[in-house]
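Keep the sequence and the structure in view while reading.

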Amino acid sequence: MTFKDQLVTLRACPDAVQWVGKRTAKQAWAECERANWLIWWLGKIGLPQTRLVKLACLCARTTLKYVPKGEDKPRKAIEAAEAWVKNPTKENRKAAGDAWVAARDAAHRKMCNLIRTEISWDEVMKVLRGRE
């Protein structure tokens, strides 16, 4: 069975399956530039969840420089997840989940506000009227 066949069996996303093509698992590991694909695959092959979360935290920390000054929800979410990695209790898991939800919701609000800043309601209505 090829690595591509294994990914299909694992129900990998079509883009990943296409990208893998004829690569072996070792070649894909060395060449892949999508951290989410690597972490997904590691989870599918059985890497412990604490290791997966640690990897996700390492990746997430690289984006903190893009978070506006004074917005601490993403950092707090990462710290809560890191606390769970060090001490995987129910309480730490709940705190990490709550922090992730808060950070996600803040990010979505920010992105929606950016979209509304770029596209006015009048423009939306013009597009809708053009479809009629």
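This is a predicted model: local features need pLDDT of at least 70, side-chain atom pairs count only at pLDDT 80 or more; totals for chains, interfaces and linings use all residues.

## The nonpolar cores

The largest nonpolar core has 11 residues, among them Val-53, Cys-57, Leu-64, Trp-84 and Ala-99. At least two residues of this core come from each of α5 (49-61), α6 (73-86) and α7 (90-118). The largest share is that of α6, which supplies 5 residues.

Ala-81 is one of the residues of this core. Apart from its neighbours within four places in sequence, Ala-81 is in contact with Val-53, Cys-57 and Ala-96.

The buried residues of α7 are Asn-92, Ala-96, Ala-99, Ala-103 and Ala-106. An α-helix has 3.6 residues a turn, so residues three or four places apart point the same way. The element that the buried residues of α7 pack against is α6. Of these buried residues, Ala-96, Ala-99 and Ala-103 also belong to the largest nonpolar core.

## The largest pocket

Rolling a probe the size of a water molecule over the atoms shows where empty space is left. The largest pocket holds about 830 Å³ of space. Its lining consists of 25 residues, and those nearest its centre are Pro-74, Ala-77, Ile-78, Trp-100 and Ala-103. Two or more lining residues come from each of α5, α6 and α7.

With 10 residues, α7 gives the most to this lining. By type, the lining residues of the largest pocket are 17 nonpolar, 3 polar and 5 charged. Ala-77, Ile-78 and Ala-103 are part of the largest nonpolar core and are also among the residues nearest the centre of the largest pocket.

## The second largest pocket

The volume of the second largest pocket is about 160 Å³. It is lined by 15 residues, with Leu-7, Ala-16, Trp-37, Leu-38 and Trp-41 closest to its centre. Here the elements that give two or more residues to the lining are α1 (3-9), α2 (14-20), α3 (25-31) and α4 (35-44).

The most lining residues, 4, come from α4.

Terms used
Residues are numbered from 1 along each chain as its sequence is written. Side-chain values use heavy atoms; hydrogens and water are left out. A nonpolar core is a set of buried Ala, Val, Leu, Ile, Met, Phe, Trp, Tyr and Cys residues joined through side-chain atoms within 4.5 Å. Buried means under 20% relative accessible area, exposed over 50%, partly exposed in between (1.4 Å probe, protein chains only). Contact means heavy atoms within 4.5 Å. On a 1 Å grid over the protein atoms alone, a cavity is a set of points where a 1.4 Å probe fits but cannot get out, and a pocket is an open set with protein on both sides within 12 Å along at least five of seven lines; lining residues have an atom within 4 Å of a point. Grid points are joined across faces, edges and corners, and a volume is the space filled by probe spheres set on the points. Ala, Val, Leu, Ile, Met, Phe, Trp, Tyr, Cys and Pro count as nonpolar, Asp, Glu, Lys and Arg as charged, and the others, Gly among them, as polar.
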